[in-house]
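Q: Hi, can you walk me through this one? I'm new to reading structures.
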Amino acid sequence: MAGREAFFICRSCKARLSLAEARYKCICGGLLDIGGLDDAFSASSLECDAHGVFRYRRLMPDIIDGHWHEATMAEGMTGLVDLNVKELDMRGKMDYTMPTLSFKDRGAAVLMAAAKALGIKSVVQDSSGNAGNSIAAYAARLRIDCEILVPEGTSPNKISQIRAYGASVRVVPGSREDTAAAALKEAESGRYYASHVYNPIFYQGTKTYVYEIWEQLGGKLPEALVVPIGNGTLLLGMLLGLRSLMAGGAIERMPRIVAVQAARCAPIYRAFMNGERTVTPVTNEGTSAEGIAIAAPVRGAQMIEALRELGGIVVQAGEEDIARCETMLSKAGIFVEPTSAATVAGAESWARAEGFSGSMVLPMCGAGLKSLH
Ligand SMILES: Cc1ncc(COP(=O)(O)O)c(C=O)c1O
Ligand SMILES: [Zn+2]
């Protein structure tokens, strides 16, 4: 298929870099996107020999072609399940049922298949826990050495799981931002930075989230897609997937996009509501939704731009509501981490305030067991 020889393109100076250059940002310091990829969606581009994410590999850069098979653990094509929320048409996409129990497997499978193709032998990454688990698992599978940096206070089960994959774990004192700074130092020293934040190949995996929903709903999307946002890997992947569906004529208009932050750590919400283009870091006041507790999102400006392109909005979820929704979901048989409950809480208050009664799909993005303290 034509148009799969993709490259990195700098968001600042527009320089093009080969995907074979194991860089995490441009020489000018700018963030990288993927360019040169023709991923207009068409049903004929689906590959029926793969389950989930790699079913859509013809819509991804060709760098993964020789290694997706070795990487895959049948991640993706997770079910859609009614969340049993009173009077609302809310369905959860069960991404916590993936190999490492969170949606991050979508991105990690694709990024690590690419790393393998580049002959990378060792990677470093930082994470609030789930992305680290995903990278560690796929590194193990592909026999790549792996070190994951996590902030102090990360759920012990997430740390144990990373270690179980054979990766080394460094617990960094201080905030999530201190952990990010420590990882950047490693990346500057020349180690391959398998970052879900910096490396845009990750978003080639998260974009499959919307392809799957489109297929599962019989060739259409729900009226609203609700998405938790911390660093924005699912939001930015969704944008790519939606553009791709639009370019291929599979959808004619965008669904409503509702992005959710935890009220106690909401830099994107603040910037969006103030009509700003850039995002000022906030202080994380402490939230149970550790997956979205990102006080200084690296791609913050890009997330705001994405939300504007999509005509989306940002809402907040408070701690009491998060806890209430966590219990409500458990009672409906769905044991997820507070970050997933925050998504439901944000969606519920938005829908009730707006009088919105249309169909909604939300990611049940991480498993409850992983975040038990
Ligand atoms: C369970 C869960 N949900 C949502 C998110 C938010 O994803 P992102 O930071 O890419 O926006 C994360 C991130 O770690 C997560 O672990
Ligand atoms: Zn540049």
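Predicted model: local features only at pLDDT ≥ 70, side-chain atom pairs only at ≥ 80, totals over all residues.

Q: OK. In S9, what is the bridge partner of Val-123?
A: Tyr-192 in S9 is the bridge partner of Val-123. Two bridges join strand S6, residues 122–126, to S9, and the strands run parallel.

Q: Which helix packs on the sheet, touching S6, S7, S8 and S9?
A: Helix H5, residues 176–188. The direction of H5 makes about 150° with that of S7.

Q: In what order do the four strands of that open sheet come?
A: The order is S8-S7-S6-S9, with parallel pairing. Strands S8 (168–172) and S9 (192–193) are the edge strands, and each pairs on one side only.

Q: What about H4, where does that helix lie?
A: Helix H4, residues 156–164, lies across strands S7 and S8. H4 runs at about 150° to S8.

Q: New topic. How many salt bridges does the count come to?
A: The count comes to 27 salt bridges. One of them joins Glu-305 and Arg-11, with the closest N and O atoms 3.3 Å apart.

Q: Which salt bridge does Arg-191 form?
A: Arg-191 forms a salt bridge with Glu-147, and the closest N and O atoms are 2.8 Å apart. Arg-191 sits in the loop between H5 and S9, while Glu-147 is in strand S7.

Q: Is Glu-147 buried or exposed?
A: Glu-147 counts as buried, because its relative accessibility is 13% and the cut-off for buried is under 20%. Arg-191 is partly exposed, at 26%.

Q: Which residues are linked in a network of salt bridges?
A: Glu-87, Asp-321, Arg-324, Glu-348 and Arg-352. Within it, Arg-352 and Glu-87 form a salt bridge with their closest N and O atoms 3.6 Å apart. Glu-87 counts as exposed at 67% relative accessibility, and Arg-352 as partly exposed at 39%.

Q: Back to strands. Why is S11 largely enclosed by the rest of the structure?
A: Six of its seven residues are buried, so strand S11 is largely enclosed. Five bridges join S10 to S11, and they run parallel.

Q: Last one: which residues make the nonpolar surface patch?
A: Phe-335, Leu-369 and Leu-372 make a patch of about 270 Å². Leu-372 lies in the segment after strand S13.

How values were computed:
Residues numbered from 1 in each chain as written. Chains lettered and ligands numbered in written order. Heavy atoms only, no water. Pairing = 2+ DSSP bridges. Contact = heavy atoms within 4.5 Å. Axes fitted to C-alpha atoms, helices over the stretch in contact; angles between N-to-C directions. Patch = residues over 30% accessible without salt bridge, like charges linked within 9 Å, V, L, I, M, F, W, Y side chains within 5 Å. Areas by Shrake-Rupley, 256 points an atom, 1.4 Å probe, with all protein chains shown as cover. Salt bridge = Lys/Arg side-chain N within 4 Å of Asp/Glu carboxyl O. Buried < 20%, exposed > 50% of the residue type's maximum accessible area, 1.4 Å probe, protein only.
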